[in-house]
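Please look at the sequence and the structure before reading on.

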Amino acid sequence: MNKTTKRLIKLVLILFFLVVVFILITQKSLLFPQHVEAFPLLKKESIHKVIVSEDKNKSTVEKKNTQWMIGDFPADAARFDQILDAITALKKDDIASQNKKKYADFGVDGGKKIEFDTHVIYVGDGKGGTSYHYFRVDTDPIVYRTASDFSPLLTIEDIKDLNTHLINKEDAVEYVNLSW
């Protein structure tokens, strides 16, 4: 090999090395996530009241005795427990943006929020048809990406328990005759 070929090979290897280092630095959060919990001390059992706001609509889900209630209606306990699990398991591991000017692009500008205890979660789905969900917590300016979907909580009608509970022991009913 002549001198120019050796120099060209060295140059290509150095450029390749620099590109790899650049990718590692810029995509660090994707390659090596930190998995920091958003609420490390929060337990699901300690939440007694959740206030959900979407634009100007505000709904309160409150634990009365042992049952979650939305006003005078009982909430679907299984679905609401899933939402509480998602809240307590939120992780700040995938940073979407640190720019406050992009809050509206991610939908976390304050239009949709979940308040409980002393915390506020601003939730959004982003614009442009992305399948990602975004959130930011309290006064933290960083927007994070999450797999948790809070849209069922934001449409409070979806978590109301609409069962009539006319039959006390539903498991014992074999059939219902609805003849006219």
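The sections below treat the basis of the model, its overall architecture and several individual residues.

## Basis of the model

This is a predicted model, in which local features need pLDDT of at least 70 and side-chain atom pairs count only at pLDDT 80 or more, while totals for chains, interfaces and linings use all residues. Residues are numbered from 1 along each chain as its sequence is written, and side-chain values use heavy atoms, with hydrogens and water left out.

The predictor's confidence in each residue is given by pLDDT, on a scale from 0 to 100. The protein has an average pLDDT of 80, and 79% of the residues score at least 70. Confidence is highest in α1, at a mean of 90, and lowest in helix α2 (residues 28-31), at 65. Where pLDDT is low, the predicted coordinates should not be read in detail.

## Overall architecture

The protein contains five helices and nine strands. These elements are DSSP runs numbered from the N terminus: helices are H or I runs of at least four residues, and strands are E runs of at least two. Along the sequence, their order is α-α-β-β-β-β-α-β-α-β-β-β-β-α.

Of the 180 residues, 29% count as buried. Buried means under 20% relative accessible area, exposed means over 50%, and partly exposed lies in between (1.4 Å probe, protein chains only). A contact requires heavy atoms within 4.5 Å. Among contacts with a separation of 6 or more, 57% are between residues 24 or more positions apart.

## Surface

The accessible surface of the protein comes to about 12,900 Å², and carbon and sulfur atoms contribute 56% of it. Such areas come from the Shrake-Rupley method with a 1.4 Å probe; for residues, only the protein chains shown count as cover.

A nonpolar surface patch is formed by Leu8, Leu11, Val12, Ile14, Leu15, Phe17, Leu18, Val21 and Ile25, with about 870 Å² of accessible area together. Patch members have over 30% relative accessible area and no salt bridge; like charges are joined within 9 Å, and nonpolar side chains (Val, Leu, Ile, Met, Phe, Trp, Tyr) within 5 Å. Leu8 belongs to helix α1 (residues 3-26).

## The salt bridge

A salt bridge is a side-chain nitrogen of Lys or Arg within 4 Å of a carboxyl oxygen of Asp or Glu. By this rule the count is one. Lys44 and Asp85 form a salt bridge, with their closest N and O atoms 3.1 Å apart. The pair joins distant parts of the chain, 41 residues apart: Lys44 is in the loop between α2 and β1 (49-54), and Asp85 is in helix α3 (residues 77-88). Lys44 is partly exposed, at 26% relative accessible area, and Asp85 is also partly exposed, at 36%.

## A buried and an exposed strand residue

Ser97, in strand β5 (residues 95-97), is buried because its relative accessible area is 9%. Beyond its neighbours within four places in sequence, Ser97 contacts Lys102, Phe106, Pro141, Ile142 and Val143.

Lys58, in strand β2 (residues 57-64), is exposed because its relative accessible area is 59%. With neighbours within four places in sequence left aside, Lys58 contacts Ile51, Val52, Ser53 and Glu115.

## Positive phi angles

Most residues other than glycine have a negative phi. Asn65, which is not a glycine, has a positive phi of about 60°; Asn65 lies in the loop between β2 and β3 (67-70). Asp117, also not a glycine, has a positive phi of about 45° and lies in the loop between β6 (112-116) and β7 (119-124).
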